Amino acid sequence: MNFDLRLPIGIMFSLLGAILVVFGLVTRGGDMYAAHSLGININFWWGLVLLVFGILMLLGAALARNKRNGK
Amino acid sequence: MQPIHLAGVDYAILFIYFAFILVVGWILKRYMKGSADFFLSGRSIPAWVTGLAFLSANLGAQEVIGMAASGAQYGIMTSHFYWVGAIPAMVFLAIFMMPFYYGSKARSVPEYLKMRFDEKTRGFNAISFAVMTVFSSGISMHVFALLLGKLMNWDYNVCIIVSAAIVLVYIFLGGLTSAIYNEVLQFFLIVLGFAPLVFLALKGVGGWGALKEKLIPVATSQGFAPGTWTDSWQHLGSPTDNPMGVGWFGMVAGLGFVLSFGYWCTDFLVVQRAMAAKSMSAARRTPLIAAVPKMLFPALVILPGMIGIAMYQAGDHFLPFLDNDPAKGIDYNMTIPMLLVKYFPAGMLGVGFTALMASFMSGMAGNVTAFNTVWTYDIYQSYIAPGKSDSHYLWMGRAATVGGIVLSIGTAYWASQSGNIMNLLQLVFSFVNAPLFATFLLGMFWRRATGHGAFFGLLGGTIGAALFHGISLAVGAAPGIKGAWIAKEYLFRSNMGQNFWIAIVAWTTCFVLTILISLMTRRNKTDEQLKGLVYSLTPKLETGHEPWYKRPVTIGILVLAAAMVLNIIFW
């Protein structure tokens, strides 16, 4: 199958991560957010984790594609 | 309780997920050229994908929510559903059984039974399996729509129709591949959505040490030894020592052997994922790859339940009562949703709920893809319309997808009308499933087992299960659907203990009957016909040329050793 699953996974989690990072930054002043999660801005930090995960998936897909085309 | 309010950003996240699964289905549509693409993904999927799908197909929303509820009710002993009740069976499937499933080129588990035994054994398995999958997808749809109604005031009908429509579209377009890809997405959503929840909840309760402290009064207030909620084996000496009401033998033989091997090694819902793998080696690695996250999942789904009950006991009454009635006790099923609300702000809350939605949908999709394959290959092609063109069966697969989902919706509404009939049906299904592994074990490892032996052994095992149910009862239950409809002969500490023993009786009955009847009847398959289907008549697979991390036996031993270590740490 030519359709690499890492592509949609990568795009989706990058998108979700980016939304959370931005949302976390915008709402960081509002006390309901940080106080809610033990003083941690969980949207921002976990959004960052999702973003990194998504980018790694996309990198994996790109490397596999280059390898296939190189053959 | 107050309905949960989702913010705009939460809805945005949910819609992004819906959009993605629909787009993936739409892209996969052009790969669906023949029936083998639709039902078997053209046997072309890499092992890491089938492995994660193998794990996710079983991880429906009911499982996620139910495991946390059990974590609250029983503590760390719930992990045995993973460490004892899954890992050994998954390793056995990979090493010993997958060579026959994959190597025989059978397209489904019932079809293997036809190749190995005969038509009637296949028919019995195919028809009971098809009916069961439709019912279980309908029942899970019903339960989930009820839950969403309770949590967010969403309308029951809208929940049912929208979720069914989405699942219908992406399976209709992309078949098994769509289901598998979505299951992998779900796996990552569950892990990445629940990991921060566990982190925050554990931090909130004061860490693992504080959690252990706080679980002591949970145990002692119910009359158990202080460590009952945090020791997985120490309190299994007698059924009266633990809240599950199960002893070590029932746990190991009933759950760890009969139920676990019966499910993981013979249920087409999971085995189908491995059959879609691109090679024999990938098919054998599928359950092993699944086993690694599987043994760590208790931290994700059971630990939140333990934390929830510890907080509750310490005075934080954030869990609602069943039907808001204090007399009925705590509604343990609310543990995960209430923790999500407690610790996640808008944003992450959307991710958490999307993960729950995803697990519900892919659980349903798993049932639908298993149903359309068994229906098309084992029932339609075998009994109704044999000898048609491949494109006709591809069309039938799509039609069966629509039919299966419509029947599921019907079941959901039926379940909302008459819960008792559903309970009865689920009971009957459990009788049919309990003896299955005995048939497969004898079929794969004893060439003398005959078609008559297998069929009547299965029938006998099913009847044995029903009869034992008729003479046993759990303490406090009323005779009837809970058992003892013949006589009150055996009394168990709990319903779970009773179920484990029903399974043991069913398996043993089937095992003994199959041997006896096989010895009395003539063999219906020659050694030549059984090549590739029975252990002693199949050439051993050579894996010496593969690197160590691709050899099933090597990985299998490592997986078992790791599971053993977990059991010892949390002894």
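The stops lead from the contact between two chains to individual parts of one chain.

**Before selecting.** This is a predicted model, in which local features need pLDDT of at least 70 and side-chain atom pairs count only at pLDDT 80 or more, while totals for chains, interfaces and linings use all residues. Residues are numbered from 1 along each chain as its sequence is written, chains are lettered from A and ligands numbered from 1 in the order in which they are written, and side-chain values use heavy atoms, with hydrogens and water left out.

**Stop 1: chains A and B.** Select both chains. Their contact (heavy atoms within 4.5 Å) takes 26 residues from chain A and 35 residues from chain B. Together the chains bury about 2,900 Å², with 86% of it on carbon and sulfur atoms; buried area is the accessible area (1.4 Å probe) that two parts lose on being put together, summed over both. Now pick out Phe20(B), Tyr181(B) and Leu192(B): these supply 19% of the area that chain B buries against chain A, more than any other three residues.

**Stop 2: the side of chain B that touches chain A.** The largest share, 13 residues, comes from H9(B).

**Stop 3: helix H16 of chain B.** Among the buried residues are Ile336(B), Met338(B) and Tyr343(B).

**Stop 4: Ile330(B).** Step back to Ile330(B), which is found in the loop between helix H15 (303–313) and H16 of chain B. Ile330(B) is buried, with a relative accessible area of 16%. Leaving aside neighbours within four places in sequence, the residues in contact with Ile330(B) include Ile309(B), Tyr312(B) and Phe321(B). Ile309(B) and Ile330(B) are 21 residues apart in sequence and 9.7 Å apart in space, C-alpha to C-alpha.

**Stop 5: Ser128(B).** Finally, select Ser128(B) in helix H8 (residues 119–152) of chain B. Ser128(B) is buried, at 17% relative accessible area. Its side chain reaches the backbone oxygen of Asn125(B) at 3.2 Å.

Notes. Helices (H or I, at least four residues) and strands (E, at least two) are DSSP runs, numbered from the N terminus. Buried means under 20% relative accessible area, exposed over 50%, partly exposed in between (1.4 Å probe, protein chains only). A polar contact is a pair of N or O atoms within 3.5 Å; within protein, one must be able to donate a hydrogen and the other to accept it, and residues adjacent in sequence count only if both atoms are side-chain atoms.
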